[in-house]
Amino acid sequence: MEPVLEVKNLSVDFQTFEGKVQALDQVSFDLYPGETLGIVGESGCGKSVTALTILQLIAAPPGRITQGEILLEGMDLLKLSGSKMRSIRGNRISMIFQEPMTSLSPVFTVGEQIAEVFRLHQGMSYKEAASGSVEMLARVNIPDPVKAALYYPHQMSGGMRQRVMIAMALACKPDILIADEPTTALDVTIQAQIIDRIKQLQNDMGMSVIFITHDLGVIAHTADRVIVMYVGRILEQAFVEDLFNTPLHPYTRGLMESIPHAGAKRKGKKHDLKEIKGMVPSLLDLPQGCKFLERCSKAMDICRQREPELMPVAPGRTCRCWLYKKE
Amino acid sequence: MNDPILKVDALEKRFPIKKGILRKTVGYVHAVDGISFELKPGESLGLVGESGCGKSTAVKSLLRLIEPTGGNIFFEGENVTHSPLSRLRKLRQDLQIIFQDPYSSLNPRLKVSQSIGEPMDIFKTPVSRQARKDRIAELLERVGLRPEFADRYPHEFSGGQRQRICIARALALNPKVIIGDEPVSALDVSIQAQVINLMKHLQEEFNLSYLIISHDLAVIEHMCDRICVMYLGRFVEIADDNEMIDNPLHPYTRALLSAVYEPNPGQKQNRTLLAGDVPSPINPPPGCHFHTRCGHVKEICRQLSPPLTESGQDHFVACHLYNS
Ligand SMILES: Nc1ncnc2c1ncn2[C@@H]1O[C@H](COP(=O)(O)OP(=O)(O)OP(=O)(O)O)[C@@H](O)[C@H]1O
Ligand SMILES: Nc1ncnc2c1ncn2[C@@H]1O[C@H](COP(=O)(O)OP(=O)(O)OP(=O)(O)O)[C@@H](O)[C@H]1O
Ligand SMILES: [Mg+2]
Ligand SMILES: [Mg+2]
């Protein structure tokens, strides 16, 4: 199967007061039709920058794409004009953001905002667009959608607003949905509703999803394949079962062991959690060699000298670690 | 020895809602609606519930950082609900709080040594400058930081390090109880475990009692011996940690547990998805607060609020399903 999206060697810099930071360093991945690709990693590792760069929503300056290609069915998005790109955003690729309040307009009703998407991308009449927006609200399980269409965003709860965002993002049946921490600001019981909804709509519409989160539990139940990022790089990439059953990179292993599980305590009463020692290095002051070096219990001489490449280690699986270098 | 160190009885906090130029009170936010619990010495009690259910308000009112509008608070047997400020100051040496956000809870203009030393200065504990300095160095070491960090400013530290500084500050006066309001929620996954382990070790070392608040059930279950589940200002269930996980009774607790995403892709989870949103605490529904989202609702649930009753050993639930 051909990938619907190919990201190749994407690098992004930001000019900051303290100096230049490289937020993405040669990030490459493919997205296949109908699949969910999860991106996990800690705060600041480059998840949102990856998403925003695909849609070309990075503020430039301070941001700058220094190299790479983003191919949508073979067409390089980085070479498109501003107006061509606008016709792709919200139409073929759309995005849900972490904080719905910042991406919804406070001065229009939610019905008007969804209708606008229909009119812009599908040239619908006002009437068609209005009934389309009510239908979308119903599809994301908003009770009494006819009335809800008349609400302004501030009249809705966080969970309702996030569902409106999903309705807007899916209005034009995009090929690709990018969901950047869509449930992080929500309560757990609401999170379960939203994730369930995204999955069902994905099944109905057959779109591909890039699902970004820092929550390994959520990734385990939403993604088919997973990318693990650390300081602007991909450290490991695998099918979800492989990643959780046999994490390879010492960082991925550390992450898996350090999260508390509900009910796990019973087995080994009051055990300590495993820790990853130290902290994430600053992008302004990255170590030589492997970027995980200072926190790694398996560090070798070569790790200090040279940063490993992202190497194929098994079918459909890559890992950036000297431990898995085949002679 | 088994007398509770802290006891809260029917604690209530209502915030008035004022409108118009006359600032007339037009209603109340029922943030905390009559909760009761006991904290035993050396115990860790967890308080879990979703955003806005009143967790922070509950601990702020029991510390009397805001004044409760009803109920009683006992510390080591003494009723401190109406104690004067002079008594409260002494009390706050014994009861320390750590907040969620390690970024805003440290004054950016104070050096670490000043932040940690502040409670000692207020309560005039160690007298000599050298004793103060030694104590700060000792506290920094206890929370896994280097003593020379004392002369640095908060912005020079990462989130996890700042939370350690807050913990050192909380320990400065040898408290008996530490209250953590989402102490690890703002931290990165790889740093959370460090802080959770540190807090557990300190608890053993100093025989501290913990009251830990979190919206993350896995964190609560890991850190606590006993768990209270809160919904819209009230406790719906209290039980020991394992009992709560193995045998949840209240439909809300069950939904909360089934909404946890286990980091295990093979495991098919049967989720009980709750319909709808949490109602507003301004006009909470009559009867059981949960009845608007409950799959087992009966007529009585709409009218009568179920009391918290013992339904197994040390297992309390507030639900009409178990009241026969
Ligand atoms: N507009 C900007 N100006 C300067 N630096 C930026 C800008 N946007 C992002 N960065 C930097 O790029 C890096 C990656 O940021 P990004 O927002 O992608 O992180 P993230 O993985 O999404 O983290 P989080 O989980 O906190 O959302 C960070 O170090 C950040 O400081
Ligand atoms: N000073 C105040 N005045 C009016 N209402 C308040 C005030 N403080 C809190 N509330 C309300 O009381 C309710 C409980 O808030 P509280 O902060 O205790 O919740 P919480 O359980 O700590 O939530 P979170 O998980 O979001 O921190 C909320 O509805 C909140 O809006
Ligand atoms: Mg982000
Ligand atoms: Mg709170």
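**Ligand sites, salt bridges and strand pairing**

Around ligand 2, strand S2 (24-39) and helix H1 (55-62) of chain B each supply at least two residues of the shell; helices (H or I, at least four residues) and strands (E, at least two) are DSSP runs, numbered from the N terminus. Before continuing, I note that this is a predicted model, in which local features need pLDDT of at least 70 and side-chain atom pairs count only at pLDDT 80 or more, while totals for chains, interfaces and linings use all residues. Residues are numbered from 1 along each chain as its sequence is written, chains are lettered from A and ligands numbered from 1 in the order in which they are written, and side-chain values use heavy atoms, with hydrogens and water left out.

Which element gives the largest share of the shell around ligand 2? That is H1(B), with three residues. The residues around this ligand include B:Phe15, B:Val29, B:Ala31 and B:Pro281, where a residue is near a molecule or strand if one of its heavy atoms lies within 4 Å of it. By class, the shell has five nonpolar, five polar and two charged residues. Here Ala, Val, Leu, Ile, Met, Phe, Trp, Tyr, Cys and Pro count as nonpolar, Asp, Glu, Lys and Arg as charged, and the others, Gly among them, as polar.

I turn to the polar contacts, that is, pairs of N or O atoms within 3.5 Å; within protein, one must be able to donate a hydrogen and the other to accept it, and residues adjacent in sequence count only if both atoms are side-chain atoms. A polar side-chain atom of B:Thr57 is 2.5 Å from an oxygen atom of ligand 2. In the side chain of B:Ser51, an N or O atom lies 2.7 Å from an oxygen atom of the ligand, and for a backbone N or O atom of B:Gly54 the distance to a ligand oxygen atom is 3.0 Å. Taken alone, ligand 2 exposes 640 Å², of which the protein buries 60%; accessible areas come from the Shrake-Rupley method with a 1.4 Å probe, and for residues only the protein chains shown count as cover.

In chain A, ligand 1 has 14 residues around it, and A:Ser43, A:Gly44, A:Lys47, A:Ser48 and A:Val49 come nearest. A polar side-chain atom of A:Ser43 is 2.6 Å from an oxygen atom of this ligand. Polar backbone atoms also take part: one of A:Gly44 lies 2.8 Å from a ligand oxygen atom, and a backbone N or O atom of A:Val49 is 2.8 Å from an oxygen atom of ligand 1. The protein covers 65% of the 640 Å² of accessible area that ligand 1 has on its own. Strand S1 (5-16) and helix H1 (47-54) of chain A each supply at least two residues of the shell, and H1(A) gives the most, with three. Six of the shell residues are nonpolar, five polar and three charged.

S1(A) also belongs to a sheet. Four strands of chain A form an open sheet in the order S2-S1-S4-S5, with antiparallel pairing; two strands pair if DSSP finds at least two bridges between them. Its edge strands are S2 (19-31) and S5 (75-76), each of which pairs on one side only. Eight bridges join S1(A) to S4(A), and A:Leu5 stands opposite A:Leu72 in S4(A).

How many salt bridges does the structure hold over all chains? There are 26, a salt bridge being a side-chain nitrogen of Lys or Arg within 4 Å of a carboxyl oxygen of Asp or Glu. One of them joins the side chains of A:Asp13 and A:Arg64 (3.8 Å, N to O). This pair links distant parts of the chain, since A:Asp13 is in strand S1 and A:Arg64 in strand S4 (residues 63-72) of chain A, 51 residues apart. A:Asp13 is buried, with a relative accessible area of 7%; buried means under 20% relative accessible area, exposed over 50%, and partly exposed in between (1.4 Å probe, protein chains only).

In chain B, B:Arg226 forms a salt bridge with B:Asp240, the closest N and O atoms being 2.9 Å apart. B:Arg226 is buried at 14% relative accessible area, whereas B:Asp240 counts as partly exposed at 35%.
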